[in-house]
Amino acid sequence: MKFKQIFQRLFGSNKQKPVSPQNGTQADKSEKMQKMLMMLSNTKDVELTCDEVFALLDQFVELAAQGEDVAQLMPLVKHHLDMCEDCRDEYKVLESIVQNVA
Amino acid sequence: MDKRTNEEWIADLRAGGEQQAKALEDLRAIILRGLPYAIAGRLDPNSPESEALAEEVVQETLMRVLEYLDTFEGRSQFTTWAHKIAVRAALTELRRRRWREVPLPEMEMNEDGDSSYRELPDDQASPEDQVDRKDMLKRVNRIIMEELTDKQRKALMATMEGFPLEEAAQRLGMNRNALYKLMHDARLRLKKRLEKEGLTPQEVLSVFEQAGK
């Protein structure tokens with residue numbers, strides 16, 4: 001099956017526009033400052049890096065899919081995913097794949 | 001074809017010849033079934049661009065799988081491990097395409113720090129709250145100026161503006177992992193300095209939350 005057919009079967013054919021990355025309105029700035037402060041508040045002395053989390057991500061996703069308490073089992077991975085949007089995005093996509101494809 | 005055990009995947013991919021080719025063909029089909037979940041909501045699935053991206057990512061993933069086969073430790077299904085590599089490759093490329101035209105935000109720094117963050121929207125906060133908030137912003141900006149390196153400030157600004165870490169890292173001439181470490185160091189410095197000044201992030205946050213009410 002071709003990629004496009006797989007895609008259409010899963011998600012339909014509606015075109016989805018990506019959200020504009022530029023949203024630097026004044027109204028967002030208070031929110032951004034709050035976001036930064038939340039990050040500071042959640043900062044730990046020892047944190048895993050993106051590479052370390054990537055090495056464990058497949059295992060983490062499978063444990064989560066099995067209903068395990070991953071926050072308890074792999075707290076440092078969970079914490080990194082809370083802090084890092086790039087890794088969190090990758091986790092969410094991999095989670096969808098494991099739930100629906102793998 | 002999908003029912004290989006982890007050991008069988010490894011053996012087939014290491015075998016070379018037709019055995020390896022068949023395993024790669026099967027893995028390719030598996031990865032292609034997963035990729036729509038990476039592309040959904042990020043690119044028009046009907047565009048030639050989307051199909052070309054999928055092809056590009058599959059090729060890259062298969063190459064990486066072979067290259068890093070020895071690092072697979074069997075702590076997950078082999079196919080989950082391969083999907084993980086594909087997801088990273090796909091999202092990296094999608095981020096690059098989405099953000100490539102967007103310049104890193106510039107900071108207009110002065111002795112008080114980034115001026116743009118001193119002018120918050122005029123919401124319904126009381127005059128006292130607004131004064132508190134302005135003072136606190138000035139203080140936070142000063143701490144940012146004193147504690148962080150130029151690179152850390154640029155990275156902080158970029159991530160506050162929503163730049164993906166990976167894309168900000170590339171613009172700053174480093175990789176994502178190194179930027180995460182740099183930002184972790186920046187967060188620790190800011191947190192410790194706030195503590196030294198008798199503040200916790202929660203207390204600073206409460207000033208903004210009250211002001212926003």
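Reply: A residue is called buried when its relative accessible area is under 20%, exposed when it is over 50%, and partly exposed in between (1.4 Å probe, protein chains only). With a relative accessible area of 3%, A:Glu90 is buried. This is a predicted model, in which local features need pLDDT of at least 70 and side-chain atom pairs count only at pLDDT 80 or more, while totals for chains, interfaces and linings use all residues. Residues are numbered from 1 along each chain as its sequence is written, chains are lettered from A and ligands numbered from 1 in the order in which they are written, and side-chain values use heavy atoms, with hydrogens and water left out.

Me: What pattern does chain A follow along the sequence?

Reply: Helices (H or I, at least four residues) and strands (E, at least two) are DSSP runs, numbered from the N terminus. Chain A has six helices and zero strands, giving the pattern α-α-α-α-α-α. Of its 102 residues, 42% count as buried.

Me: With which residue does B:Arg176 form a salt bridge?

Reply: A salt bridge is a side-chain nitrogen of Lys or Arg within 4 Å of a carboxyl oxygen of Asp or Glu. B:Arg176 forms one with A:Glu90, and the closest N and O atoms are 2.8 Å apart. The pair joins two chains, because B:Arg176 lies in helix α8 (residues 176-196) of chain B and A:Glu90 in helix α6 (residues 85-100) of chain A. B:Arg176 is buried, at a relative accessible area of 6%.

Me: How far apart in helix α5 of chain B are B:Glu146 and B:Arg142?

Reply: These two residues are four residues apart in helix α5 (residues 127-147), so about one helical turn separates them. B:Glu146 is partly exposed at 47% relative accessibility, and B:Arg142 is partly exposed at 28%. Elsewhere, salt bridges that share partners join A:Asp86, A:Glu90, B:Arg88, B:Arg95, B:Glu166 and B:Arg176 into one network.

Me: Which residues is B:Glu166 in contact with, leaving aside its neighbours within four places in sequence?

Reply: Contact means heavy atoms within 4.5 Å. On that basis, and with those neighbours left aside, B:Glu166 is in contact with A:Asp86, A:Glu90, B:Thr92, B:Arg95 and B:Arg176. B:Glu166 belongs to helix α7 (residues 165-171) of chain B and is buried, with a relative accessible area of 17%.
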